[in-house]
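Biologist: Please show me the model, so that we may go through its chains together.

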Amino acid sequence: MNATTISSSDLSGLAADLLAARVRVAGPARASDGTVEYRHAGAPAELVLDSGVPRRSLKEFFLPPTEPLFAWRTGAGGRVELLEAPLPADPAVVIGARPCDAAGIEALDKVMGWDYRDEPWFARREATTIVSLACAGFDRSCMCTSVGLAPDTTKGSDLLLVPIGGGAFRAEVVTAKGARLVAAYPARFRPASGEAEAEAFRKAAREKVAASAPPAADPLRPWLDAHFDHPLWREASLRCHGCGACAAVCPTCHCFDIVDEPETVGTGVRRRNWDTCQTPRFTIHASGHNPKNDQPARIRQRVLHKIVIYPKKFGEMLCTGCGRCSRACPGGMDLPEVLARIAALAGGAQ
Amino acid sequence: MNVYQPFTVRVAEVTDETADTRTLKLEFTDPAVAERFDFRAGQFGEYSVFGAGECTFCIASPPTRKGYIECSFKSVGKVTKAMRELNVGDVMGFRGPYGNHFPLPSLYGKSVVFVAGGIGLAPVRCVIWNVLDLRDKFKDVTIVYGARTVADLVYKRELEEWGKRPDVKLWTTVDPGGETPDWKGKVGFVPAIVEQAAPSARDAVAVVCGPPIMIKFTLPVLKKLGFTDDRIYTTLENRMKCGIGKCGRCNIGHVYVCKDGPVFTAAEMAALPPEF
Amino acid sequence: MTELRELAKKLLAEGAAKVVIGWEEGPRGVRPAFATDAAAADRLVFDARCAHDLAPYLDRRRVHVAKLGRPAVVVKPCDARAVAGLIRETQVKREDVVLVGVRCGGVLADPEAGGTLSADTIADRCRTCDSRETALADHVVGTPVEPLAAPSRRDARVAELDAMTPAQRWAFWQGELARCTRCNACRQVCPLCYCDRCMADKTQPQWIESSPHGRGNLSWHLLRAIHLAGRCVDCGECERACPSGIPLGLITRKVASVVADRFGHKPGDDPAVPSPIGTWRSDDPQEFIL
């Protein structure tokens with residue numbers, strides 16, 4: 001793999017160069033309450049790298065919580081004119097994405113692109129370069145190693161920075177887009193170095209996450225297929241409040257709603273908004289029948305969508321093990337715990 | 001134009017089927033779209049009233065009739081109520097066609113048994129007309145259709161037309177207590193009437209659509225008559241928003257009803273988790 | 001703790017309750033627990049990390065919880081005010097629930113971080129709470145505690161916002177509410193947000209835009225503030241649950257102070273005391289009616 005080196009000050013400089021070139025720069029930055037979230041930065045100093053897991057994932061830069069799809073205007077004689085929403089194509093670079101967040105974006109390319117191409121998604125994808133920062137392992141809710149990833153995974157990243165000490169990073173070029181970024185700002189990068197240090201960092205991080213992560217999720221699929229109605233789902237969902245906090249912070253939850261919003265008489269906008277499978281409204285039929293009629297069914301749907309349904313359909317996990325759902329859940333639900341429980345049940349069943 | 005932007009269609013005809021069910025005949029406002037628009041029996045679309053939102057229905061008219069599409073709906077929610085307000089000449093939105101379809105060409109030379117309940121006749125009607133428009137390609141055509149009451153029967157004029165055709169065996173029925181003094185059809189639940197009609201399963205397929213309870217009790221009857229699971233087709237519905245396999249609402253297990261369906265064989269349905 | 005566990009076991013053994021809803025150690029600190037047997041009752045805990053209000057689990061619409069059978073629920077004074085609210089508003093019958101009151105000196109501002117309760121670590125809402133135990137409970141456990149003297153930073157922030165010009169305040173709230181994605185965590189964890197069909201979910205008419213943009217978010221949070229006026233028990237759950245860190249407690253606190261000022265009402269744990277939103281009095285202040 002093609003690699004290069006960049007110092008912290010050059011990374012800051014790169015952000016400055018990008019901003020000067022009118023490229024939008026985003027990354028972890030402090031919100032008003034001091035917590036870190038992914039934000040657009042106005043100045044390089046706003047970026048706070050390696051400061052913990054941002055509140056919400058990176059997905060909102062590609063699938064915003066709300067976005068217009070088109071507007072309508074009713075004219076004379078009842079004629080309706082549809083005004084297409086401009087495709088978002090502003091060039092952007094994310095600096096300091098967590099590898100689990102970047103991996104989530106790539107996982108979502110599958111659902112956004114099968115057969116019908118979701119243009120707003122791919123417009124943002126193409127316009128955005130993701131520079132990730134290898135993670136040292138954050139807390140006990142991390143479980144990237146259980147879903148086939150790692151704290152230093154390159155999936156979804158165009159460039160992966162790995163700390164090599166002395167405030168410098170070994171920058172691994174993952175994609176052509178990453179190579180173009182390096183090529184465009186040659187003064188910011190130095191010849192590759194620190195391979196051993198990078199390797200040591202990566203190894204330590206993997207070991208740290210694996211130490212507290214649940215067993216691998218992949219082998220649980222046969223058991224889950226065979227136990228659709230297991231009491232596990234009722235027990236696991238007792239404390240669930242049925243809110244969408246887990247989905248809101250998740251790097252891969254992508255379900256959405258489509259709504260019309262009139263603006264004036266005869267004009268309005270059709271938008272798409274984030275939605276969540278945790279509410280009854282999500283699946284209720286016009287007749288009142290609801291195929292996912294209670295919270296256990298809805299929790300099952302969320303877990304199965306991530307580790308059974310999506311892999312069957314698209315060949316990869318819809319969970320990157322970022323741990324945000326556990327951190328955000330006001331009821332204390334914990335996906336690693338649920339997976340460990342399933343693994344124990346599956347093990348006992350063999 | 002992104003995939004969520006609909007075609008505009010104009011209401012060409014409004015037909016009241018029952019007190020709360022209506023059929024709209026829709027024509028594309030852009031002649032070029034009308035020219036190239038094509039679909040297969042069983043496919044669906046997202047119909048919208050600008051300002052109210054989108055709603056999912058099958059295309060109830062057959063692909064053999066060009067230049068327009070029809071949809072039949074009950075006014076229940078915000079969008080269907082807004083659709084009910086529409087008059088001839090009004091413009092609405094349509095995106096589609098989406099989803100899979102009945103494997104019609106592969107059924108040429110076979111007999112077809114249609115079993116429908118209530119507004120479940122809408123997707124079946126599309127196939128019925130498709131088959132009737134290509135009548136010489138099929139053997140026997142049997143239709144069993146029931147509703148709760150006489151007033152709930154949809155497509156009444158077409159039922160009359162089908163009933164008069166010598167090349168169609170039509171059985172209409174209403175639930176006990178739903179008959180009127182001049183009702184000439186059967187009285188009884190759909191599965192029982194299917195049993196009475198006893199269509200031959202020889203070289204035949206069945207197309208079933210209706211309320212879940214009707215389907216549940218019709219399948220064993222069809223099986224008894226000799227229809228194997230791979231020769232029974234149904235069309236599923238689930239709440240949908242995008243219609244194109246993205247918004248995450250309609251899946252049953254790993255099956256996305258909007259893309260892998262809405263048409264399934266009974267064999268395919270039996271393999272799904274019991275969540276519909 | 002032993003007292004709580006023994007009581008829970010007794011309630012379960014005697015059949016007074018089929019489930020004791022309390023707290024247990026979870027993977028990330030304490031969390032709600034549903035003890036249906038002695039072993040689970042032995043895992044119940046109560047300490048300053050027990051910030052979760054458990055009253056929402058009494059909502060009959062949570063059928064999977066209701067199926068467990070008659071509940072006993074462990075309540076801090078604020079949670080007891082929530083149960084009182086549910087009884088007052090005929091959502092719960094007093095005789096259908098066993099209430100186990102815990103003596104409470106406040107909870108931690110960051111329950112996950114743990115640590116001991118001090119003037120620095122105590123949750124802001126507990127700084128202004130004057131209730132150490134509830135009179136509504138069937139049983140009260142725990143040792144009596146003294147209130148911690150700590151100035152309310154939240155009250156100071158509300159005062160700062162009050163002192164702002166409307167334009168400044170508008171800018172402040174626009175900035176905060178811009179982070180809302182309408183995940184509905186604030187609503188779902190709220191013990192008093194029990195409506196079968198929330199106004200925000202209604203589409204005929206569409207009172208509130210469901211989109212998480214400035215207009216929709218402002219409408220939603222204003223609506224919620226007004227609907228909770230005089231009903232909010234200051235359990236702090238909406239703010240704790242918000243995955244986007246919106247300071248919702250500033251809104252509920254401000255509205256509570258307006259209700260206290262205008263109607264002389266503060267939601268308590270006596271279900272018999274009517275709330276201003278549910279009653280009409282001829283001397284209600286009404287000079288805002290033109």
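Predicted model: local features only at pLDDT ≥ 70, side-chain atom pairs only at ≥ 80, totals over all residues.

Modeller: Residues are numbered from 1 along each chain as its sequence is written, while chains are lettered from A and ligands numbered from 1 in the order in which they are written.

Biologist: What radius of gyration does chain B have?

Modeller: The value is taken over C-alpha atoms, and the globule rule is 2.2 Å times the number of residues to the power 0.38. For 276 residues a compact globule would come near 19 Å, which agrees with the value for chain B, 18 Å.

Biologist: Which strands stand at the edges of the open sheet of six strands in chain B?

Modeller: Strands are DSSP runs (E, at least two residues), numbered from the N terminus, and two of them pair if DSSP finds at least two bridges between them. The order in chain B is E4-E3-E6-E1-E2-E5, with antiparallel pairing. Each edge strand has a single partner strand, so one side of each is left without a neighbour in the sheet; these are E4 (53–58) and E5 (69–74) of chain B.

Biologist: How many residues of chain C are in contact with chain A?

Modeller: On the side of chain A, 41 residues take part. Their partners in chain C number 30 residues.

Notes. Contact = placed C-beta atoms within 7 Å. Helix = DSSP H or I, 4+ residues; strand = E, 2+ residues; numbered from the N terminus.
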